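Have the structure open and follow along.

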There are 2 protein chains.
Amino acid sequence: MVCHHFMPRDAVTYHGRMSRWQPDARERLERAALELFAEQGFAATTVPQIAGRAGLTTRTFFRHFADKREVLFGSDEMFLQAAVLIAEAPPDADPAALITGALTAFAATHLEGRRAEIRRRQEIIRSDEGLRERNLRKRDAVSDAVRDALTRRGLPAVTAGMLAGTSATLFSVALQEWLDSDDDRTLAGIMLDGMQALRTALGSVPAPAPAATQRP
Amino acid sequence: MVCHHFMPRDAVTYHGRMSRWQPDARERLERAALELFAEQGFAATTVPQIAGRAGLTTRTFFRHFADKREVLFGSDEMFLQAAVLIAEAPPDADPAALITGALTAFAATHLEGRRAEIRRRQEIIRSDEGLRERNLRKRDAVSDAVRDALTRRGLPAVTAGMLAGTSATLFSVALQEWLDSDDDRTLAGIMLDGMQALRTALGSVPAPAPAATQRP
DNA sequence: CGAGTGACGACATTGTGTGTCGTCACATTA
DNA sequence: TAATGTGACGACACACAATGTCGTCACTCG
């Protein structure tokens, strides 16, 4: 019953009319969460803390993000664009080249050049089990999208699944290597190297006998 | 302050001395959870319900499982045995054959022949977002173990990472195909097919020019 | 000017997960 | 046989996550 009739907190800078609330609620929540996670860790910060720092309520936090983890992955729809690149490529392109092409293009657009920033984010994710799970889920969503794109191109289900999974692996391994390295190797370069490494490791043997039966 | 001095519920069958509590608490919890999940879905069943059906308390449930999801993955340490197979193989074996060998051996030991049972479990997992996440996390743990095993064999980091990720993908894709199919194809066969499909999809082109630059 | 919409605050409630303590069967040792 | 762990569990309390519901207000659009 006690409605405080909130006026927007001190309006230091505003142009035009004043809304009842400051805009950018979602972005404010993301920033506040990132700060608090860096300061005291993910598990130790509560949703009320995040909302409080953003000048909002707990309920509003959950209106913008499905759960506490999601605030770190909220602006990640862009990852699905890799699948779009594959779907829109010329229909006769080689699948493997398609994948490395989409991945390197995506890297050049969104990742390349901001290694420090991404490294900080990855550090937070690595620090918490739940966040690692969510990260895997996001990766899997992209893999699913890639698989569908490849399937629509006429590839058989198993092939599409294997290629999609491989692309997710390639992205993940290359990203980790890129973040761990101190020199200025380009992410795209690491990706090409990774793909080549897999090719040689896999192609070295044309699948002879049913492999040494190593049963205990 | 009200301790009920619980004696074990009706001891219909028991041999030897009677403990204060029935044994197999963990197994009882797993069975009760599986039943309830099948009856009313994962999200709709609460931990108190599970514990109640098992004749235990909520607190005891969380002594055996870290969270509600884990009750479905509790007896999965066996998956790590795939990594052991790889680590113990002769040091000069081919990495790719090593992976398919370990995977098919594992499948033959634990999966092959109980498709219906595994299908029921997978159905529950597929029905809930949180369970899918946890499933991915388990898969990733195996992948990590495989990567370490390959690294200890002297493979470079990127190659080990790519091969480990590929093995996880292969397992996942093959398992899904196996569960979806009605005929009696063997899981090991599907795995070999999947590996071959990836090989041809990847090896078909020796990486010519830097791939058609498909930048929007 | 009046109805609709959308974003938010306020409040209540359920469920998850944890800390803490007491109880008792069992094993160990004196 | 008696004293002393130890381990598994019940009982209780509690913080926090997440959701449902309602009221308030600014902003539209007719």
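In this predicted model, take helix 8 (residues 157–180) and helix 9 (residues 187–203) of chain B: their axes come within 9 Å and cross at roughly 130°. Angles over 145 degrees would count as roughly antiparallel and 65 to 115 as roughly perpendicular, so helix 8 of chain B and helix 9 of chain B are oblique to each other. As for handedness, the crossing of these two helices of chain B is right-handed.

Who actually makes the contact? From helix 8 of chain B you get B:Leu170, B:Val173, B:Ala174, B:Glu177 and B:Trp178, and from helix 9 of chain B come B:Leu187, B:Ile190, B:Met191, B:Gly194 and B:Met195. Sort the residues of that contact by type and you have eight nonpolar, one polar and one charged.

Now zoom out to the two chains. The same surface serves both copies, with 100% of the contact residues of chain A recurring in chain B.

How many residues of chain A are in contact with chain B? There are 45 of them, and they meet 45 residues of chain B. On the chain A side, the elements giving two or more residues are helix 5 (95–111), helix 7 (129–152), helix 8 (157–180) and helix 9 (187–203) of chain A. Helix 8 of chain A gives the most, with 13 residues. By type, the side of chain A that touches chain B divides into 22 nonpolar, 13 polar and 10 charged residues.

Key. Residues numbered from 1 in each chain as written. Chains lettered and ligands numbered in written order. Predicted model: local features only at pLDDT ≥ 70, side-chain atom pairs only at ≥ 80, totals over all residues. Contact = placed C-beta atoms within 7 Å. Helix = DSSP H or I, 4+ residues; strand = E, 2+ residues; numbered from the N terminus. Nonpolar A, V, L, I, M, F, W, Y, C, P; charged D, E, K, R; others polar. Axes fitted to C-alpha atoms, helices over the stretch in contact; angles between N-to-C directions. Parallel < 35°, antiparallel > 145°, perpendicular 65-115°, else oblique. Left-handed = near helix turned anticlockwise from the far one by under 90°.
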